[in-house]
Amino acid sequence: MKAMVLNQYGDAAEFQATEVPQPEVTSGHILVKVAASSINTVDTMIRSMGEALPLSPALPAILGMDFAGTVEAVGEGVTGFAVGDEVYGCSGGLADLQGSLADYMLADAKLVAHKPKSLSMREAASLPLVAITAYEGLHRAGVTAGQKVLIHGGTGGVGHIAVQLAKHLGADVYTTIGSDQQAAIVESYGATAINYTSEPVAKYVEQHTGTAGFDVVYDTVGGMNMLNSFEAAALNGQVVTTVSMLELDLNPAHFKGLSIHVVFMLIPMLYNHKREVHGETLNKLAAIADAGALKPLLDETEFVIDEVGEAYARLSSGKAIGKVVVSN
């Protein structure tokens, strides 16, 4: 089969179209004919940093975590899937798990679910990593109907899904954006747009919460922006972050009694820890999508698998709005 292979790591490393052996289906797994794969920030980090990241595959490497495709073969002990089923998931491209930038990939059936019927292969492939991340964060924070929820980065990969899921849960949703175009997107989801480039935290907290603060802040930007999240959160509020690899003064969080939730959705893949939860979550997300409450935002630029290097460049440029997807 054809795969896009990295033979070295680094920002300038190029993907090479290479013939490699097709995986054979094994117990507990399914073999998937890949139709589409999406690019995530962690994928670009792996290509750039290589062995400096403990989750990077050994070279030569086939990257790609998210996929959508069709079941080609079913391994022993697998139930719920049959040859010909359309599926989606996040199950490769790190450690010793072959990624989705290939004609076929072997996937642990626990990490896979049936594709939402209302979405195309490209749309479905854009969802798993970001949607599981968004779902996990909102549920760990205990988001319920009527709460005021602030989401930083409402048109980003995780952010635009978190906005829609928070609305689905009945929350009053606000989200930071940086342009009129982004404002129009989040408002179409029913959220209130806050332009962080012109509105200080104290101002929008007072305007939208009467100085009380937001019940839940989901920070998909992370890093030093977490200080803004601490400032925006209500007393005894919940703060969720996906980017917390830094040293940070927790005094503001302490004196507000904040609960901080760090979401790192790769744990089940890396450590074979409760993988079935990801499959269950993907099934729930498919139902939400098919009910019309979740629609992925795809970047306007389309790529085929031979253009994966250009797709990585598009995401890394910061110019993409929505998920970057490559089609087989």
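Good morning. I begin with Thr 211, which sits in the loop that runs between α6 (201-209) and β11 (214-219). Please keep in mind that we are looking at a predicted model. Although Thr 211 is not a glycine, its phi is positive, at about 75°. Most residues other than glycine have a negative phi, and most peptide bonds are trans. Thr 211 counts as exposed, because its relative accessibility is 58% and the exposed class begins over 50%.

A second residue belongs beside this one. Ala 95 is not a glycine either, and it has a positive phi of about 50°. Its place is the loop between β5 (86-90) and β6 (104-108). Is Ala 95 exposed or partly exposed? With a relative accessibility of 31%, Ala 95 counts as partly exposed.

I turn now to the backbone at Pro 60. The peptide bond that joins Leu 59 and Pro 60 is cis, with omega at about -10°. Pro 60 itself is located in the loop between α1 (41-49) and β4 (66-74).

My last stop is in a helix. Leu 227 is part of α7, which covers residues 226-232. Its relative accessibility is 32%, so Leu 227 counts as partly exposed. Which residues does Leu 227 contact, once neighbours within four places in sequence are set aside? They are Leu 248 and Asp 249. As for Tyr 189, the sequence separation from Leu 227 is 38 residues, and the C-alpha to C-alpha distance between the two is 26 Å.

Thank you for your attention.

How values were computed. Residues numbered from 1 in each chain as written. Predicted model: local features only at pLDDT ≥ 70, side-chain atom pairs only at ≥ 80, totals over all residues. Heavy atoms only, no water. Helix = DSSP H or I, 4+ residues; strand = E, 2+ residues; numbered from the N terminus. Buried < 20%, exposed > 50% of the residue type's maximum accessible area, 1.4 Å probe, protein only. Contact = heavy atoms within 4.5 Å.
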